[in-house]
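Hello,

Here is the structure for you to pick up. Please open it first, then read my notes below.

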Amino acid sequence: LKMFMEENDTWALELKVTHKVIGSVGLHDSRRAGLSYDREIGYVLSEDYWGHGLIVEAVKAAMDYAFIELQMETLMVAHFDFNYQSKRVIEKLGFAHVAHLPAAFKRYDGVVLDDEIYMMTREQYDNKHKKTLCVNGKEYTVIKLLGKGKGGYSYLVCDDKRQYVLKQIHHEPCDYYQFGDKLEAEQRDYKRLREIGIQMPE
């Protein structure tokens, strides 16, 4: 736990209803000899919650963050050769197996284990998992995150014809202005962007 806190690259997983912590997922700055990648995805889930698709959902969120917000090019994930549950998670997410590394990892108890290594590139992610946003019934593909703040996120998106800037507004109450004023402020921002020639979804 101390190591995770010091590295600042791991998030706790909690049940949405009870807020009970049931595991973790991280984007780790690890290095494996002969392999080139930006981050390694690691995850742990309490055995009581296996088989419900929760870890797939969590790892997918970490992938979205890595490829869209951090603009990474390649992610790596690994499992011990006997861990078939983890293997199924990785395969469901679409990672490609690239290597078997014998005696690659020394566990906390001193046991040395073999690793199975998988990779996913940005192109592979785009083909399988690309994030979309819907505006007035029309779907736009997210290219990258442009900015984020208390009011929402700004994305560069595209359809089959052109690229746009799309603002996803947070609907939670904010201390610095009322909800009605917030919508008006966003509309003024859209108007200014259109006036300087930036394409905005209608």
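Which residue is the bridge partner of Gly26 in β3? Gly42 is.

Some ground rules. This is a predicted model, where local features need pLDDT of at least 70, side-chain atom pairs count only at pLDDT 80 or more, and totals for chains, interfaces and linings use all residues. Residues are numbered from 1 along each chain as its sequence is written, and side-chain values use heavy atoms, leaving out hydrogens and water. Helices (H or I, at least four residues) and strands (E, at least two) are DSSP runs, numbered from the N terminus.

The sheet: β2 and β3 (residues 39-45) run antiparallel and are joined by 6 bridges. Strands count as paired if DSSP finds at least two bridges between them. The open sheet has 6 strands, in the order β1-β2-β3-β4-β6-β5, with mixed pairing. β1 and β5 stand at the edges with a single partner strand each, so one side of each has no neighbour in the sheet. On average, neighbouring strands are turned by 25 degrees against each other, direction ignored. Helix α2 (residues 54-69) packs on this sheet and touches β1, β2, β3, β4 and β6. Contact means heavy atoms within 4.5 Å. The direction of α2 makes about 30 degrees with that of β2. Axes are lines fitted to C-alpha atoms, for helices over the stretch in contact, and angles run from 0 to 180 degrees between N-to-C directions.

Most residues other than glycine have a negative phi. His19 has a positive phi of about 65 degrees. His19 lies in the loop between β1 (10-14) and β2 (21-28). Ala103, in strand β5 (residues 96-106), has a positive phi of about 50 degrees. Both are exposed (over 50% relative accessible area, 1.4 Å probe, protein chains only; buried is under 20%, partly exposed in between), His19 at 51% and Ala103 at 52%.

Best wishes
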